[in-house]
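User: Could you walk me through reading helix packing and charge pairs in a model like this one? I'd like the general idea each time, then the case at hand.

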Amino acid sequence: MRNITLKTLLTMLLLMMISMTAIIGAVSIFGGLASKSNINELAEISVEQANTANRMESNLLEMRLRMLRYEEFSRLGDDELTATALNQTQESLDSSLVRFEEFRDINVDASQRRFPYFKAVINGFEKLVTPGLIDAIEVGDVETMRQESQRLSTLGAEFSDSVRAFAGYAVERAAEGAGDVADHHRERDDLAGCDDHGAAAGRS
């Protein structure tokens, strides 16, 4: 059963990394087009936030894997591997907290369209990373960490959905920005065409 859980988490991590690459690639393409004009909320950092949210999720999945390894090595009585797994779990937790602060520190207010997506990621992270989890990892409380692993498994999908929704919004905004740029270029070309026709008529 534990092996199935490990395989599931590894699969989730791989799929999440593939998804993150695709999303950031799409945002970069559209964002490159949109950045040629002054229109974009994207320039206002939706892309950076989407990237940070994905990395935050990656850190949490990594932490969950390392928690399982810590439990397993503790059960086997391997002190050296147990200590290593605990240190690695702490590192993953610390990295996720750093990403969370980076994500939260970007100014987003309730008037912005991305606010509900932003708030869902914040709330989801705070449900996952509780003071109880932080304390259990800090002291290496095996039993509490086992219970926390089960809780994380239950809530993890909801958090992943909120991250995907935020990243999807960033792609949507980027596409809208790129569309606005294309419309602007068409309008400019139409006006230029009208000027050319008028000049030709004046010469004839």
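Predicted model: local features only at pLDDT ≥ 70, side-chain atom pairs only at ≥ 80, totals over all residues.

User: Now α2 and α3. How do their axes cross?

Analyst: Here the axes come within 8 Å and the crossing angle is roughly 160°. α2 and α3 are therefore roughly antiparallel to each other. The crossing of α2 and α3 is left-handed. As for the make-up of the contact of α2 with α3, you'll find 13 nonpolar, ten polar and seven charged residues.

User: What about α3 and α5: how close do the axes come, and at what angle do they cross?

Analyst: The axes of α3 and α5 (residues 131-139) come within 9 Å and cross at roughly 145°. α3 passes α5 in a left-handed crossing. L86, T89, Q90 and L93 of α3 meet I134, I137 and E138 of α5. By class, the contact of α3 with α5 splits into four nonpolar, two polar and one charged.

User: On to charges. What should I look for, and how many salt bridges are there?

Analyst: Side chains of opposite charge can pair when their charged atoms come close. With a 4 Å cut-off between the side-chain nitrogen and the carboxyl oxygen, the count comes to nine salt bridges. One of them joins R75 to E72, with the closest N and O atoms 2.5 Å apart.

User: Where do R75 and E72 sit relative to each other?

Analyst: Both are in helix α2 (residues 46-76), and they are separated by about one helical turn because they are three residues apart.

User: Last thing, confidence. Where does pLDDT stay under 50?

Analyst: Start with the chain as a whole: the average pLDDT is 78, and 63% of the residues score at least 70. Residues 33-39 stay under 50, and the model has twelve contacts for them beyond four places in sequence. Residues 179-188 stay under 50 too, with five such contacts.

Definitions and conventions: Residues numbered from 1 in each chain as written. Heavy atoms only, no water. pLDDT = per-residue confidence, 0-100. Contact = heavy atoms within 4.5 Å. Helix = DSSP H or I, 4+ residues; strand = E, 2+ residues; numbered from the N terminus. Axes fitted to C-alpha atoms, helices over the stretch in contact; angles between N-to-C directions. Parallel < 35°, antiparallel > 145°, perpendicular 65-115°, else oblique. Left-handed = near helix turned anticlockwise from the far one by under 90°. Nonpolar A, V, L, I, M, F, W, Y, C, P; charged D, E, K, R; others polar.
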